[in-house]
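Visitor: Could you show me around this structure? I am new to it.
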Amino acid sequence: MIRQKIIFAVLFLFIFLSGSIQAEDENITLNFVNSDIVSVIKAVGLITGKNFLIDPRVKGTVNIVSSRPVSRAMVYPILLSALRLQGYAAVESNGVTKIMPEADAKLNFSKTLGPTVPSGGEIVTQVYVLKHQSAAQLIPVLRPLISPNNTIAAYPDSNTLVITDYADNLKRIDHIIDAIDQPGDDAVIVPLQHASALDVARIIHKMTENSSASGATSEPSQHVSVVVDARTNSLILDSSNAARVAMFRRLIEKLDVSTGETDNIHVVYLKNADAAKLAQTLSDVITGQTTAPAPTAPMKPPANSSATSSSTSSSSPASSTSSTSSSAPTSSSPALQQTASLSQPGSGGGMIQADIATNSLIITAPEAVYNNLRAVIEKLDERRAQIFIEALIVEVDATKAASFGVQWQNLAGVNGNSPKLIGGTNFGAQGSGSNIIGVASNISSVGQGLNIGIVNGQINIPGIGTVLNLGVLAQALETEENANILSTPNLLTLDNEQAKIVVGQNIPLVTGSYAQTGLTTSVTPFQTYDRKDVGLTLQIKPQISQGGSIQLQIYQEVSSVDATTLNNPSGPTTNLRSIDSTVLVDNGQIIVLGGLMQNAVSENVSKVPVLGDIPYLGNLFSYKSRTRTKTDLMVFLRPYVLHSKSDYAGITSDRYNYISGVQLKTQMAKDAVMPDIKAPLLPPLHPSQPK
């Protein structure tokens, strides 16, 4: 007990030497002049009962002088103010007050407060959830009001501000945020009675564009947003500047006046829709009549869709006549309907006429009818999406063939007068190069592969000439053919518009032969032809559904001419593979339309009876061939929906750069003798790109 009293007396003496504290009831007089800051903190701890943890970097002296006694509750706030002047801050955590440099205070644990902010000089963190204004936009406003060493941050997802600063400063910021975070003025709805909201909105947009170009409305507060509600024929004005909204409202009211005319003439320029078709559609809507749709071409082309008839004859062209007929378009065709009358009962009268040259509509109708038509036109004149379709046709052919045979022949007794025996085996067709008789007559006609024979001189055969006495001919051949073909026809078309691409040849096919005598006794023969497209044909009509999937009506054909039938008197034979289908596919996904997987194996054996059946030895009296043909054909399809300019640019640049790279690879190499001739190259896709 005595020891504790001694320690307290020494501490009190230390405090007295540095300053003086005089207690009068609950009031305390503070008098610290050039006192050590650590000693002052310890003294305040004795008075307030707080536990302090002092950072070693906290050093220096402090001056605290109170001319009048203060309450015990004011001692700690006075200390915090003195520390703040020295660049130090206090952070309370778990019953301990940490004294440290102000720059490090925000990195330590501090109180996180809600809506209520207490007063004081301690470092605290406050969270503000804004209801009306943007948290990110408030940061430049509040940052100058916060101590440089403290922080302010915004969390856009919940529109929240997080501020770490002194409690008494946050009290002031709390009032500032309450004053700023107020709901803005509601949007103003201006209904129109006579004028069209779409036309008036276009005038206002043009005025704001001209003002922006001149710099008059560069401030964001001067901007006015104008939205059209075509259903109610109203305009919605929204701006942070009430004066601007009132000015535009007065302007709209001046424009919304009746012209006093029963019918007014209006010109509506279309951006995307076809004027002739839209004029007919609007006429049908107003009058309640239905016009038969224009006929569309079938997806599958007829057998002679691309064929034309021609004739060859030794007589004059007048001997063959042909006639063509065409029907004039009727007024019921939407594509040719340029004028539509609205003078039906209940329609209010008027007329819609399409000007095809400018792709615009000329509407003569009362204001009420025109306003309704204008709202419909705005919805129908939207930009249509396009579909880029990439077809992948993959064909892989693999053919393996093998043949082996031995043929015998003895012609030694042909030229003798006495009876002699001749004979042998013969398994190949005449002229095929594998026939022993044909090879004996012309040794250069020997077939492909390994050929081994025994020749016993030459023999003169009457009526034939000199031939080789080819006693034995052994032949062996093995072939392997592989073909890998990839075709990628591409198409770009509007939504719900049919597109077709044909890559191939147009060949003539004989359809008949005729003989015409006329007035002379000589016969004049001639033939008639049809022409047929042979190659690759892709015909597609896409339609985008509301969910984003694409319905495709597809006709795809791959045809070719059989090379073995080119000299056929009846005409060549064409190979045909086609698909006619309607499918549903998601944007950018690949689907398989169909295919052919064929595997054919054949074996041919020619042999001498009995001798050819002898094991092993029978190979000397037989000719064998085996063939295996495997064909794999698959057709894939991948559509892309293109909405914006960036979608077009990506696909176009990819294909353009690919072709440009192929052209560079085909340039002729420099030669010392030949002149340097440059092949043509595509220009750069972008003008700024170096050539």
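Visitor: Of the accessible surface of the protein chain, what percentage belongs to carbon and sulfur atoms?
Guide: This is a predicted model, where local features need pLDDT of at least 70, side-chain atom pairs count only at pLDDT 80 or more, and totals for chains, interfaces and linings use all residues. Residues are numbered from 1 along each chain as its sequence is written, and side-chain values use heavy atoms, leaving out hydrogens and water. By the Shrake-Rupley method with a 1.4 Å probe, the accessible surface comes to about 42,200 Å². The share of carbon and sulfur atoms is 55%.

Visitor: How many of the 691 residues, as a percentage, count as buried?
Guide: Buried means under 20% relative accessible area, with a 1.4 Å probe and protein chains only. Of the 691 residues, the buried share is 33%.

Visitor: Where is aspartate 495?
Guide: Helices (H or I, at least four residues) and strands (E, at least two) are DSSP runs, numbered from the N terminus. Strand 24 covers 490-494 and strand 25 covers 499-516. Aspartate 495 sits in the loop between strand 24 and strand 25.

Visitor: Which side chain of opposite charge is nearest to aspartate 495?
Guide: Lys and Arg count as positive, Asp and Glu as negative, while His and the chain ends are not counted. A salt bridge needs a side-chain nitrogen of Lys or Arg within 4 Å of a carboxyl oxygen of Asp or Glu. Aspartate 495 is buried yet has no salt bridge. At 5.6 Å, the nearest side chain of opposite charge is arginine 384.

How values were computed:
Buried means under 20% relative accessible area, exposed over 50%, partly exposed in between (1.4 Å probe, protein chains only).
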